[in-house]
Protein chains: 2
Amino acid sequence: MPNLRLALCQIDPWVGDLARNSEEVLRWSKRAAGSGADLIAFPEMVLTGYPVEDLAFRGSFVEGSRAALVDLAAKLRAEGLGDTPVVVGYLGRGEPGTRYAGKPQNCAAVLRGGEVVTRFAKHFLPNYGVFDEYRYFVPGDQLTVLRLHGVDVALAICEDIWQEGGRVAATGQAGAGLLLSINGSPYERDKDDVRLELVRRRAAEAGCPLVYLNMVGAQDELVFDGESMVVTEDGELLLRGPQFEEALLVVDLDLPAAKEDGLPDGTVLADGLKLTRVDLGGAPKERAEPLEPQVGERLDDEAEVYAALVEGTRAYVRKNGARSVLIGLSGGIDSALVAAIAVDAIGAEHVYGVSMPSRYSSQHSRDDAAELARRTGLHFRTVSIAPMFDAYVGATELTGLAEENLQSRLRGTLLMANSNQEGQLVLAPGNKSELAVGYSTLYGDSVGAYGPIKDVYKTLVFKLARWRNAAAEARGEVPPIPENTISKPPSAELRPDQVDTDSLPDYDLLDAVLTRYVEGDEGRDAIVAAGFPAEVVDRVVRLVDTAEYKRRQYPPGPKVSPKNFGRDRRLPITNRWRQG
Amino acid sequence: MPNLRLALCQIDPWVGDLARNSEEVLRWSKRAAGSGADLIAFPEMVLTGYPVEDLAFRGSFVEGSRAALVDLAAKLRAEGLGDTPVVVGYLGRGEPGTRYAGKPQNCAAVLRGGEVVTRFAKHFLPNYGVFDEYRYFVPGDQLTVLRLHGVDVALAICEDIWQEGGRVAATGQAGAGLLLSINGSPYERDKDDVRLELVRRRAAEAGCPLVYLNMVGAQDELVFDGESMVVTEDGELLLRGPQFEEALLVVDLDLPAAKEDGLPDGTVLADGLKLTRVDLGGAPKERAEPLEPQVGERLDDEAEVYAALVEGTRAYVRKNGARSVLIGLSGGIDSALVAAIAVDAIGAEHVYGVSMPSRYSSQHSRDDAAELARRTGLHFRTVSIAPMFDAYVGATELTGLAEENLQSRLRGTLLMANSNQEGQLVLAPGNKSELAVGYSTLYGDSVGAYGPIKDVYKTLVFKLARWRNAAAEARGEVPPIPENTISKPPSAELRPDQVDTDSLPDYDLLDAVLTRYVEGDEGRDAIVAAGFPAEVVDRVVRLVDTAEYKRRQYPPGPKVSPKNFGRDRRLPITNRWRQG
């Protein structure tokens, strides 16, 4: 069987930065060519970054992307890389003369010899969850099959392999020897299991090995976890790339020789896709000593989620041009975990913590915050909010919740003042359980540019803190999070002797109900029927429904669950639906 | 020609409140039946309110909607209204045994005799602008034609008449005598001209009169302006309902008699729509003295925009269960206009204003705020932020922008403390020009549950203030907004002698550039080519691009422009695209 050497460039594009992304494609293409690759591939929309959202409607941006593609083809040749075909995702337009002429498309092109040899657009457009691709794009209607060194390689983009039929079925009809799919598939917990099973099924349906190349990095609320893979039609995993890391993955594949009597160019296949054959030439190759398959180990559950939070935070800070972050350190577990994530993301020297005690702050909280700073090495100082509190209380007559919220808002204002003064980006410490039930103060503990753990339930916050400490111990390092921060009962400390369980159910119970209601969209009756106490369910459902206005003003943060509070979940604020 | 008397119930449903909406349909149906109507119609998704967004994924809500529909049919009969068919929009599911079985649909049903006689789903699903209907719904695939008193009435839902072909074309093929479309079409400035032309074109294409029934009221960022109409196939406007007001519109239409040799039930029409004939019986009627056509006058441009802002604010406050609102009154035009809107929306007795002077507040600003309160009758008091400011400055070392923002945030914190203490809903005074360029303080002047003028450019703010005063004068009332508030140069008063034009271009120029960049999605080069100064365009484009994070945390407010900062415009925060 002829052999193809593929170089999969699992890289991190920056949305909007056409010049940088082009340079990166060039740089990685050089490395890939150095490995002797026959075909080099990059992720979905690598030239523009992904997702571009309404930038797709900016005509100048679409033209910028198209021009960058042509320019890139020329640069590849100028750098002596003209011989090897390079598959590159970009933002394009429907071809003139077609029904979609001029409209934005999620495209990929094959570059070779200084030219754009062929181009095609994503066929299936996802419009669920975080995706709005019917809003932005019109679909492609062809199946592109490259003939290269005697092998037929069919091409697809991301959603093309998530739905039944389409290019997967067409690949089988066309009798291609390989299906290459380039992706921008966001991370969520346990999704890699789903992906592996999906890729196995699609490889079987296509009747040939499937190469799944994913992007890494993060963009606003999405994290891309990489973990590119190659799976045979029999389900064998031949390659698995690292998670959350850029990587050049080179793999040698023995593939069936292209049939000379295959379906001709122009044949209409499944879902109306038109077969578009592109002959790139090259004699079939045999490799006596193919590369050893690299099947990387996957991270454990907590390690994986933690890595996603770190990557999301790093990318947000870096790509938005900030150099340092500021975190209010209460001594509690949420801000401690956020600080640990920030330190891992950008280094302790760029992380600033401030303790802002009030009259209700316990000594152990102040000590725990200082201890966290000592363990991690982040910059630390203390500013009491007592004088500001007294000034407000002198000017107004506040009691109860208003007084509690005031303390939180004084801290928020102090953080933002420091942020303005010193150019630090504030990180918000809220977790998903709090956000769900509205157990947070708008413009108080919710201030910030980014919320690293906003999609992490409190029970998982505890697990991640323990995991991070254990990981440090295993490496012979100081665990970042003080043990007392993990073991003490959670409290907002906004009034004397307050603990979270004064207002909320135990977190185990709360998170179980929230998972069903938020992620599962289960109704109140179904949750009660599953064995949860009716009064708890009623209260939780009510709290979630009425806190929508708070969530809408919360900063973005990395999605790690199947349904985050962000693009994934779009509920009306004004909503009178109450389940009886 | 036989005559049909139609009763169009242009009403305001509340999202999620199935019980209330059902009661409203019943109440308006009684009024409609009292007018002798042969057919009664309600807007799109009147039972659930519109748009329901991700509530469509809550199975219990879909079932609640379906059950409410069946219950409503029985109640209509129980109230003696069983004879008259009633067309009602609701949230349903794809029929068992079809490809869309069980999936949410944007439906309408015809109720009569205590039964759901027939049902159908919207065929074309909008997925642009503020709409995400591919996310929520699966399409309907039939054209329902009711035979009633010898006339064939074809039915459609909203987007069905906004796109070419589909039910409009099918109505022509079926030879129906009338096309009735029920809508939930959000307001935007000048859209009524667009709608009238659209309805005229579609009536001509359908070859019969078109009845366009729209909803009124508001839901989060959308305002529904009503202005239901009836247009003949020759383009004659036979009826136009009021804007922004609930109304029962009764119209007598002479319509062609149904052909006995028309296409049979089951015929496949345009776009694959299956003709579904429903015979509701009844002898053809002649009316010797039909009702006079009512063609209402439309509001002038400023009156219309102002009415939309009032309706949006009223609906948000009421539907979210608040009784009063709180506004920080600076003496400037933005907060003055917001106060005037609030007073018109919910009455001065429910509007609280607070002046929060700092050391940089001019005497005229304090006087103008007090004068506004005097003119409108809203509750007013003054709380100086000087003590809080001194407390912060004592604890930190702030200068420049940090000091300016601090003043704004101290005011925000004071407003929120009062809101918590007294249960008032805070209104944010930001206008669209400010939001666009980020000329506002996050967690400062941006705090609030709702931003009544967030989609209004500053130049339009001035026009609306002048218009509102003139309207008061025309009615012999006191103009609400002090003349000095309108005539003085805009200033944030966060440092000595500051005016907006220190930081921003003149608003005429700024708003002209913003309209092209934000609403028009024109690129930098195109705007410069249109004659705007390059340095201004570069600065404005840059400011808009880098303020996305602020807008993302801004409260919702009523959409009045073709593209609001909300569901309409979805740009990445992390965005390195800079146009050269």
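Predicted model: local features only at pLDDT ≥ 70, side-chain atom pairs only at ≥ 80, totals over all residues.

A: Happy to. In general, the strands of a sheet pair through backbone hydrogen bonds, in either a parallel or an antiparallel way.

In chain B, six strands make up an open sheet with the order 5-4-3-2-1-14, and the pairing is mixed. Strand 5 (115-121) and strand 14 (247-254) of chain B are its edges, each pairing on one side only. On average, and ignoring direction, neighbouring strands are turned by 30 degrees against each other. Helix 2 (residues 59-78) of chain B packs on this sheet, where it touches strand 3 (86-93), strand 4 (104-112) and strand 5 of chain B. The direction of helix 2 makes about 155 degrees with that of strand 3 of chain B.

The contact draws 76 residues from chain A and 76 residues from chain B. Between them, about 6700 Å² is buried, with carbon and sulfur atoms giving 53% of that area. On the chain A side, R58(A), R576(A) and W577(A) lose the most area to chain B, together 12% of what that side buries.

Two of those residues also carry charge pairs. R58(A) forms a salt bridge with D521(B), with the closest N and O atoms 3.1 Å apart. R58(A) sits in the loop between strand 2 (39-41) and helix 2 of chain A, while D521(B) sits in the loop between helix 14 (507-519) and helix 15 (524-529) of chain B, so this pair joins two chains. R576(A) forms a salt bridge with D17(B), where the closest N and O atoms are 4.0 Å apart. Across the interface there are six salt bridges, along with 40 residue pairs in polar contact.

Several helices of chain A supply at least two residues each to this side, among them helix 2 (59-78) and helix 6 (301-319). The largest share, eleven residues, comes from helix 10 of chain A. By type, the chain A side divides into 35 nonpolar, 21 polar and 20 charged residues.

How values were computed:
Residues numbered from 1 in each chain as written. Chains lettered and ligands numbered in written order. Heavy atoms only, no water. Contact = heavy atoms within 4.5 Å. Buried area = accessible area lost by both parts, 1.4 Å probe. Salt bridge = Lys/Arg side-chain N within 4 Å of Asp/Glu carboxyl O. Polar contact = N/O pair within 3.5 Å; in protein donor to acceptor, adjacent residues only side chain to side chain. Helix = DSSP H or I, 4+ residues; strand = E, 2+ residues; numbered from the N terminus. Nonpolar A, V, L, I, M, F, W, Y, C, P; charged D, E, K, R; others polar. Pairing = 2+ DSSP bridges. Axes fitted to C-alpha atoms, helices over the stretch in contact; angles between N-to-C directions.
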